[in-house]
Amino acid sequence: MASFIRAKQAGIQTDLSQNIQPMHFMPDEQARYGINSQISCLAYDPVQSLLAVGTNESKFGPGKIYVFGQRRVHKFFCPPRPSSIRELRFVANRLISLDSKNELAIWDLDTGNQLAKYVYSGVVCLVTDPMLDWAFVGLQSGDIAAYDLDRERPSIFRIPNLWRERDPNPTAGRLVSMQLHPRDIGKILIAYTNGAVIYSFKQNLVQKYFEYELPPDAPGGDGHGIHMARKPKITHAVWHPTGTFILTAHEDGSLAIWDAKEGRLVTARSLYRTRVNEPTSNPPRPMRLAPFVRISWCCQTDPDNTGLLIAGGHNMDDPSASNLTFLELGSTPIYATSSWEVLAAHFDGKRSLPISTPPGASVVNYVLIPRSSPYFNGAQDPIAVLVQLSSGELITLTFPSGFPISPTNMLHPSLSLVHPFVQTVAVSTVPRARWLGMVEKRSLGEQILRGGAEYSHRTRKEQRNIVQVLHADNIIRLWDVGRGDEIENAMQCQVDVARSLNRFEGGVETTAMHMAQETGEFAAGTKTGEVIVWRWGINKNFGKEEPRAQECERGGLMDISSRAEPSLKEGLQPFVMHNMAQGRVTVVAVSDVGFVAAGSEGGYLSIIDLRGPKVIHHGSVIEWSKGEKRGLFKHSSSSSHGGKPEWPTVIEFGVMTLEGENYSSICCFVGTNLGRVATFKLLPSGQGYSVQLAGVANMDDKVVAICPIDVETGREAGATGPVVAGLRDGKQVDGVLVAVTQTESKIFRPPHARGASKSFDSGILCDAAAVTPADTSMSSHGYALVAVFNDRSLRSYSLPGLREIAKRPLPMLDPLRTISTVISKTGDVLGFTGPSEITVLPVWGGSGRALENTLDTMINITRELPPRPTISNVQWLSGTQYISPTDLDLLIGGPDRPPSKRMMAATDAERNGAGVYNPAAAAGSSTARLQGQVKETEGWGDYLTRQLNERTEKLNIMGDSMDNLANTTSKWAEDVDGFVKKQKRDLFLGGIKKSLF
């Protein structure tokens, strides 16, 4: 009965929600964008061009793993038990993870399933190689265990604590780091607290020990304790890309460079000083250096052209010191012909490049983005570096110059939400044709992520939900969140608020934003009272910087088209700026017919006609009191609010026939924080428009939504081009307003009819509301009011009776950020689940389904892993034994281990490749004759025996060839000697003949 009375009071004869049943109102979690918690680790696969991100366990959820590819390609992986992800590695088109509970897990990248897991005791570090089927796990005891990634089980192979053999002190043998030799897979560099060793798998022994000791009067890295001998503890150890040298980093800030073959210290330095291992009579001033976080020995395509990327080691007492430094070393001198002094001078470096990072945050991790090679510890020919900050944010920088790279259309939108952090979001529903035309043309560098393939959906919905994401750096990015269908235009658009304001020194804060549905025009407001409008177009100043323009005067309007980004050729270009100069802009709205309205905290409303452009209204909410009818409302704002500050909170444009009129008008509806709803008419006046206050209605408290609807159909009574054009022909729109405050909803004919209202349950506040169509996959059932409340509940109400249809919980929402929830006009809820993650929830026609993984394909099987770099000829001649990956499989797995998939592939490749003699070319060889009789079913052991015989025969052939070469050379020398003697004899006899005759 109450809903029937409300329908009569609202003056709507049609039940717009007649066919809606409670079962239709069931939200599904369609997608999530962003990162659920603080990022803990990163990994990059240059072969498949994929990026993996791991997170920490927090109150927002357990640690998760995300893998991103090109465009919108992504997958997520959820460990079975809550934990934080510590390490991630790509190996053989699979993902290896290590969590905080010491669990090593293998993940299938295409299905998202966990294939295997094993729990170790006290894991310190993890080492893998793209070419190996083994993961080496460093334990707190100092031992190193091997895990068989192909057989998905631990191996019995184990390297004991090698430093204990040299120093039995329990604290001296604590494992710090490990790294495989970049060229010789048979060696591994192991760092302990007191020293490092090179271990040979082939010989099963330590080849070299490295212990860094500073003599008295040597300054060391930080200059402390200079008058005594000391042994700074190791924090990191890395190989030179050729394996000729190693570097050990120490707690005192020293970087010690060692000759890997001789075990000799070449030199030591810090980020600021060189030769710090040598005593000096003039000691430098001590410094407080930050601990080293990560070190990578990078190289170009030529592994001898190197440099060091170092996170940490900077002067902590210098506020301007960079957290990230690149030491350019240049081409490595030829080892065999260079003196120790030449080598030491080389490691003094050509130059030191500090890489700028945001102030107030330190670098905690980074991952290099190599162009193509997965080897050299992921540091060969990098084009960029992705840096993780202590704040949890990411920044992308060019390498080695360190220029910032915008994530727009370079990284997945989820990564952009922490690049830097998202502040707030808004959503607009844009027609598909309009959005397909909004493809930004911007100068971009080489793409970072090119892997994976998106799942092809069969449906394409006409209305696109375009989210506007405001970031902490005042960059706003616009992109399609999708509706469970194919996202045809997955590109992002970007606007730079600070640049449009011509302020580069900071102090800019964006407070409001909105995008027009049909035209794609965009506007944003700032804390200092500016309103900026962007319009799609071509940048006339593309590729060049224009001189800085003057500041906009108070209350004025200014052309800012010259402030376009130089790299943006086509996109949303700065158009005009209006300086309200009345405090923070609280709300802004852009219509589809050329009007922009904005409200400020100072209680002012401005309306701009973009056809001029011209400010056609600028007035205070205090003036609205003249339009109130005191006797028709619950209360008067002047009497009930006691002079409290009032400002606009919601603005909507619409077209409808107002109460008591017989024609329709373009209207601007404005709601305030004190519950007043003002209606303005925008009337033609000469060559432009004028604004007239039609009236004011009063409600209980802060207005959160205003929805103009058509009483006959329930559709939005919006101010669109075709509707406004029909006004000239006398067409009318019979409409009402559905206004929602924090505590009540109301339906009435503007400007101030009584209408019908309904109060919400006590103790809860409405944070977002919208009138949406109840469209399911089968049909449309009408229209209803959808609202989100601060108790994380979602409710729907019938129109016009305002009867509650159904109530659904939203436990995934962050209870502290429900006020930032938005609802699109298609019935999709976008809300925060954490500081940097949003969820997309279609509310109609679902089944309560939880979030499901994507069906994207991550692995491209046509992309083959390149061969691993091997030792050079000089290293082979000097006695280095070459160990192939298959040889290492035998050394670690033993002869009883069945051949792995990779070993069988290597076998087939070796059988068909240049490494096997051609029977036709070597018909005289007994081995060649036997090869023709080998069957495909040959066992692994038989194959290894045959390979050994072949290699032995090859060595014998080489020995015979060398003997033949020696014999031939000896014969040639004898012939030369005879020829010389004959020439001498002929010369002597010729002289005698000449003298006699």
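Hi everyone. Helices (H or I, at least four residues) and strands (E, at least two) are DSSP runs, numbered from the N terminus. With that in hand, let me show you S49, which is found in the loop between β2 (39-45) and β3 (50-55).

Before going on, a word on the model. It is predicted, so local features need pLDDT of at least 70 and side-chain atom pairs count only at pLDDT 80 or more, while totals for chains, interfaces and linings use all residues. Residues are numbered from 1 along each chain as its sequence is written, and side-chain values use heavy atoms, with hydrogens and water left out.

Back to S49. This residue is not a glycine, yet its phi is positive, at about 60°. Is S49 buried or exposed? S49 counts as buried, at 0% relative accessibility; buried means under 20% relative accessible area, exposed over 50%, and partly exposed in between (1.4 Å probe, protein chains only). N409, also not a glycine, has a positive phi of about 60°. You will find N409 in the loop between β29 and α3 (413-416), and it is buried, with a relative accessible area of 13%.

Now to the rings. Rings of Phe, Tyr and Trp (its six-membered ring) pair if their centres lie within 6.5 Å; planes under 30 degrees apart count as stacked, over 60 as edge-to-face and the rest as tilted. How many aromatic pairs does this rule give? The count comes to 21. Take F77 and W107: their ring centres are 5.7 Å apart and their planes are at 65°, so this pair is edge-to-face. The pair links distant parts of the chain, with F77 in strand β5 (residues 74-77) and W107 in strand β8 (residues 103-108), 30 residues apart. F77 is buried, at a relative accessible area of 0%, and W107 is buried at 2%.

Y118 and Y120 are edge-to-face too, because their ring centres are 4.8 Å apart and their planes are at 70°. Here Y118 counts as partly exposed, at 33% relative accessibility, whereas Y120 counts as buried, at 10%. There is also one aromatic cluster formed by F136, F157, Y199 and F201.

Last, a look at two prolines. Which form does the peptide bond from F399 to P400 take? That bond is cis, with omega near 5°, and P400 lies in the loop between β28 (394-398) and β29 (404-405). The bond from G612 to P613 is cis as well, with omega near -5°; P613 lies in the loop between β42 (604-609) and β43 (614-620).
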